[in-house]
Amino acid sequence: MIVVAGEALIDLVPQGTGALAALRPALGGGPYNTAVALGRLGSPTAFCSRTSRDAFGEALLNGLRAAGVDVSGVQRGTEPTTLAVATIDEDGSAAYSFYVEGTADRLFATPPALPAGTRAVSFGTCSLVLEPGASAYEELMRSAAAQGVFIALDPNIRAGLIADADAYRARFMSWLPSVSLLKLSEEDARWLGGSPREWLDAGPAAVVMTHGGDGLTAFVRDGGEYAVPGEKADVVDTIGAGDTVNAALLHGLSARDALSVPALAGLGADGWKRLLRFAARAAAVTCSRAGAEPPYAGEVSEA
């Protein structure tokens, strides 16, 4: 079982240009997209979050169920669902503004236990910023790591939500001793102001950095550095591409029985490149269609 912990929200995606373009609601949130992608790829997956009882919250849970994701541990509340208004650039890249005050996911409470058979927990995005939920997710991260569970982190920086950048950067560094695999984009790295080697020294066994259409690079603790080019795609938008990479990495590692720090160290150049190529192929499928629509197992060849 891979558990994905974090927010589920509604992306409002413009259907034209200009400030008053019609907005189409789409299921989203970085952790939500990661869980859906894992489920579609065939990994046993559970979602750990708090969602609203409103119509959007029900639609989010139905999307998880349709992907085969276990939602039995999802907390519920009467507060509204978080909204993210997307802006799509000419190259398909997405930027977001958020409506988060008083929303259900912010009130997440640390669960008493993880699902039986949990091998990995993935964290990231808004859920690690917005209090009081952020502290609850952080507590879950530290306690799971202390039990020997594989921890994946995708910070997926949303700068507009971070009131104190220096405080967040310090908090990010405090998470790294608990992290097994750190995945982030070049944009995240620039905002955080560190380097893969600095982060490896702080704890993770591997750092995977995405370079948009130019591919991915894995940096490992023994000094290895493995890169693959991006897969060509007719890009509609990039919504959910990074989340798909995150899911593909976890799915590929699970398929290799490599959800552990020693196993990451033993992948070697061939293993890492095969894994990264699989993640690139999966992300290319997501980019080829509107919104966060990650591939099913039959749409992308295995790593």
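Tutor: Let us begin with one residue of this predicted model. Asparagine 156 has a relative accessible area of 13% and is called buried.

Student: Why is asparagine 156 called buried?

Tutor: Buried means under 20% relative accessible area. Asparagine 156 has 13%, so it counts as buried. It lies in the loop between β10 (150-154) and α4.

Student: What makes the phi of asparagine 156 worth a remark?

Tutor: Its phi is positive, about 45°, although asparagine 156 is not a glycine. Most residues other than glycine have a negative phi.

Student: Which value does phi take in aspartate 257?

Tutor: Phi of aspartate 257 is near 55°, again a positive value in a residue other than glycine. This aspartate is found in the loop between α7 (241-255) and α8 (261-265).

Student: Is aspartate 257 buried or exposed, and how do you know?

Tutor: Exposed means over 50% relative accessible area. Aspartate 257 has a relative accessibility of 57%, and therefore counts as exposed.

Student: What kind of peptide bond joins glutamate 131 and proline 132?

Tutor: The bond is cis, with omega at about 5°. Most peptide bonds are trans. Proline 132 is part of the loop between β9 (120-124) and α3.

Student: Why are α3 and α4 called roughly parallel?

Tutor: Helix α3 (residues 133-146) and helix α4 (residues 165-175) pack at an angle of about 20°, and their axes are 11 Å apart. Angles under 35 degrees count as roughly parallel, so α3 is roughly parallel to α4.

Student: Which residues make the contact between α3 and α4?

Tutor: From α3 come Ala134, Ser135, Glu138, Met141 and Arg142, and from α4 come Arg171, Ser174 and Trp175. The residues of this contact divide into three nonpolar, two polar and three charged.

Student: How do you know the relation between the directions of α1 and α2?

Tutor: Helix α1 (residues 30-41) and helix α2 (residues 55-66) pack at about 30°, with axes 9 Å apart. This angle is also under the limit of 35 degrees, and the two helices are therefore roughly parallel to each other. Tyr32, Ala35 and Val36 of α1 meet Ala59, Leu60, Gly63 and Leu64 of α2. In this contact, six residues are nonpolar, one is polar and none is charged.

Student: What makes tyrosine 226 a buried residue?

Tutor: Its relative accessible area is 14%. The limit for buried is under 20%, so tyrosine 226 is buried. This tyrosine belongs to strand β14 (residues 225-228). Not counting residues up to four places away in sequence, tyrosine 226 touches several residues, including Leu216, Val220, Ala269, Trp272 and Leu276.

Student: Why is the whole protein described as being as compact as a globular protein of its length?

Tutor: The protein has nine helices and 14 strands. Its radius of gyration is 18 Å, close to the 19 Å that the globule rule gives for 303 residues, so the protein is as compact as a globular protein of that length. Its C-alpha atoms fill a box of roughly 50 × 45 × 40 Å along the principal axes.

Note on methods:
Residues are numbered from 1 along each chain as its sequence is written. This is a predicted model: local features need pLDDT of at least 70, side-chain atom pairs count only at pLDDT 80 or more; totals for chains, interfaces and linings use all residues. Side-chain values use heavy atoms; hydrogens and water are left out. Axes are lines fitted to C-alpha atoms, for helices over the stretch in contact, and angles run from 0 to 180 degrees between N-to-C directions. Helices (H or I, at least four residues) and strands (E, at least two) are DSSP runs, numbered from the N terminus. Angles under 35 degrees count as roughly parallel, over 145 as roughly antiparallel, 65 to 115 as roughly perpendicular and the rest as oblique. Contact means heavy atoms within 4.5 Å. Ala, Val, Leu, Ile, Met, Phe, Trp, Tyr, Cys and Pro count as nonpolar, Asp, Glu, Lys and Arg as charged, and the others, Gly among them, as polar. The radius of gyration is taken over C-alpha atoms; the globule rule is 2.2 Å times the number of residues to the power 0.38. Buried means under 20% relative accessible area, exposed over 50%, partly exposed in between (1.4 Å probe, protein chains only).
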